[in-house]
Amino acid sequence: MCCHFNDLESNTKRLCNGNPFQVLLSKKVIMVMFLLNQPIKAPKWQILEMPLLFLKMKKLFFLLLTTFVYSIFTFGQETPSYKIHSHNDYLRNVPFWEAFGVGCASIEVDVILQNGELMVAHEKVSIQSERTLKSLYLEPIQKAKALGMIDSFDFHLLIDSKTEAYSTLEQIVRDASEFEELLFSGQNPKGLKLIISGNRPKPEDYKNYPSWILFDYQSQQLNKLPWDKIGMVSLSFRQFSVWNGKGRIVQSERDSLVSFISKVHSFQKPVRFWATPDSKSAWKAFFDLRIDYINTDQPYEANLYLKNLQNNIFVGAINHIPYVPDFINDGLENKIDRVILLIGDGNGLAQIAAGMYANGNQLNITQLKNIGLVKTQAADDFTTDSAAAATAYATGKKTNNRALGVGPDGEVLQNITGLLDSYDFNTGIITTDNLTGATPAAFFAHHPERDDIDKIAQFLPASKLDLFIGGGKRDFTQFGPDRLKELEENGFSMMKSLGEIAGSPAEKVGYFASSSGMPTMAKGRKDFLLSSCKNAISFFESKKSPFFLIVEAAMIDSGGHANNSNTVVTELLDFDQTIGSLIQYADQNPSTLIIITADHETGGLTLPQGKVSENEIEMAYYSDDHTGIMVPIFAYGPHSGEFRGVYENTEVFHKIMSLINKYHQAK
């Protein structure tokens, strides 16, 4: 089947089965092919088949298509708070289209007048006969406008004249006049503007040119100018600074830039600098300086960075004042009767640092003295998932990703909650995830696939746990068997509120805080984690027995997967507030050992910039998945020094059991 532009509406609807998103994407790609005068051939035009088709195309077509697929997600969105100038745009593999696809507000083209034609090139030796201002820019813009890709012009062309000013500009006017329907005027206020740079007429002659011709003014002398004909003010960055884009601009140079930018803005005109460093640090600095058009040879990368910048900058208020530990029993070789293992899912060192800087450069966790690093690899993969990592903590043995409480060959592994039952320890789990989530489930379930929710749920009633608190009640009812009834038949008294737990006389208690998933802190979870810990500890203390409690802060991981800085930080701060309360409890109950770690890091988070005095952090992500980075482990209380050093995640289990065996005996 061959699909041409004439068949656009009927073919896309038919071939995409009416799916609105597929129709939109297909129409955009078909439009691009039309612009290239290329028919589209495919046995069935569906989104999932597009990549296979793309791979068969020439590099030019592939780049153009992927640019437009990307642009679909930018068209129709709010105007960004930054503007990008595509420097030397004509040197790209696909001039104009790449810059247009990523929403550049200024697109630069060098022209040379030769034999009555405007050739697109920087110097005469690089002229190619087919590359003209019309063919590379004006005609594609006309086609895009005709196809409805352009409603109003939120970009301009900056035409850098490399030959004599007056004759070159006369030809620019002649060529552009052929596209008069596109151009800015009093009758067409949303039309295309051409800003003339390079060799230009004298300022007093600017008035002699059409309304759609503006000029790029290039001097620090800003008085008595024809401002109505000036489209922007551009200067070399090197007139103000020698900064190379690494680290920070020195203050004196920054002050000089700020002064000049402010002067230009006082005339209500935009500023651009050329010869600028071209890096993320530079783009951030120019954004902060309120430079109107950020000059770059990497428009796609600059747009990707800048459009996420506001989401990646977190400015915190003081969330909580840390509790100051007394350290009286910290590290002493005293008896241990209570062990609290806190797991921040996805919580790496950068996540902790982000929370610290957002909270006035202070956290509860950062006051602790006994610190180590944990290697997180799974048995079958360099990068672990939560199931394999939690199984290592729960059983002391490595397993494959996705496996819960079973070894690489499927053998059932004894977990610590079952093992401690023989030591007369009460055991419990608290999580901000569903109880069937990978981390909590590793401490009571034995199954090779973490997403078999019903299979996971069936292990909870028969577990040796004495307490559980978390989300996901529906996981125990939606698959047929009534697991809630099974929980009660196995001795669990189901609580209707957290407040009932502390004073409950029941032997075993459970509480579902939600039917399905739990909300994040940003969506109103409030002090659920802290309150759960306080009620759980009160319940255990009433039993007059030693206890082992697992506490999971699950949604730091969610923030990492989503590259959502607000979620990462607010979940970390909630976790830290809970940590502070438990450290205080340990000071009041000297036989309490607190261990704080993570199953893995999520997002490949880094903190490239920030302002400590303003609680501001820029957070950048390498991925949206887990990484193999070691995670920190902190300990407080008796024998906390045992957790120093660098070791495998399985050693956490063995260290805990070694200490319990030192003071307690199994039946």
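## Before you start

This is a predicted model, in which local features need pLDDT of at least 70 and side-chain atom pairs count only at pLDDT 80 or more, while totals for chains, interfaces and linings use all residues. Residues are numbered from 1 along each chain as its sequence is written, and side-chain values use heavy atoms, with hydrogens and water left out.

Strand β14 (residues 370-375) and β26 run parallel and are joined by 4 bridges. Helices (H or I, at least four residues) and strands (E, at least two) are DSSP runs numbered from the N terminus, and two strands pair if DSSP finds at least two bridges between them. Both strands belong to an open sheet of 10 strands with mixed pairing, in the order β17-β18-β16-β15-β19-β13-β20-β25-β14-β26. At the edges stand β17 (492-494) and β26 (645-648); each has a single partner strand, so one side of each is left without a neighbour in the sheet. From one strand to the next, the twist averages 15° (axes are lines fitted to C-alpha atoms, for helices over the stretch in contact, and angles run from 0 to 180 degrees between N-to-C directions).

Let's look at β16 within this sheet. 5 of the 5 residues of β16 are buried, so the strand is largely enclosed by the rest of the structure. Buried means under 20% relative accessible area, exposed over 50%, and partly exposed in between (1.4 Å probe, protein chains only). In a regular strand the side chains alternate between the two faces of the sheet. In β16, Leu 467, Ile 469 and Gly 471 point one way, and Phe 468 and Gly 470 the other way. On one hand β16 runs parallel to β15, with 4 bridges between them; Ile 429 has Phe 468 as its bridge partner in β16. β16 also runs parallel to β18, again through 4 bridges, and there Gly 470 stands opposite Phe 512.

Contact here means heavy atoms within 4.5 Å.

The 14 residues of α18 reach 20 Å from the first C-alpha to the last, close to the 20 Å expected at 1.5 Å a residue (the expected span is 1.5 Å times one less than the number of residues). α18 is mostly covered, with 10 of its 14 residues buried. Among them are Phe 528, Leu 529, Phe 539 and Phe 540.

Another open sheet has 3 strands in the order β12-β23-β22, with antiparallel pairing. Its edges are β12 (313-315) and β22 (605-611), each with a single partner strand, so one side of each is left without a neighbour in the sheet. The twist averages 25° from one strand to the next. 3 bridges join β12 to β23 (residues 616-621), and Val 315 stands opposite Glu 616 in β23.

## Ser 86 and its surroundings

Ser 86 sits in strand β3 (residues 84-86) and counts as buried at 0% relative accessibility. The C-alpha atoms of Ser 86 and Pro 299 are separated by 5.9 Å, although the two residues are 213 residues apart along the chain. Beyond its neighbours within four places in sequence, Ser 86 is in contact with residues including Arg 92, Cys 104, Glu 108 and Thr 296.

The side chains of Ser 86 and Arg 92 are joined by a polar contact of 3.0 Å. A polar contact is a pair of N or O atoms within 3.5 Å; within protein, one must be able to donate a hydrogen and the other to accept it, and residues adjacent in sequence count only if both atoms are side-chain atoms.

## Salt bridges

The structure holds 17 salt bridges, each a side-chain nitrogen of Lys or Arg within 4 Å of a carboxyl oxygen of Asp or Glu. In one of them, Arg 525 meets Asp 574, with the closest N and O atoms 2.8 Å apart. Arg 525 lies in the loop between β18 and α18 and Asp 574 in helix α20 (residues 565-588), 49 residues apart. Both Arg 525 and Asp 574 are buried.
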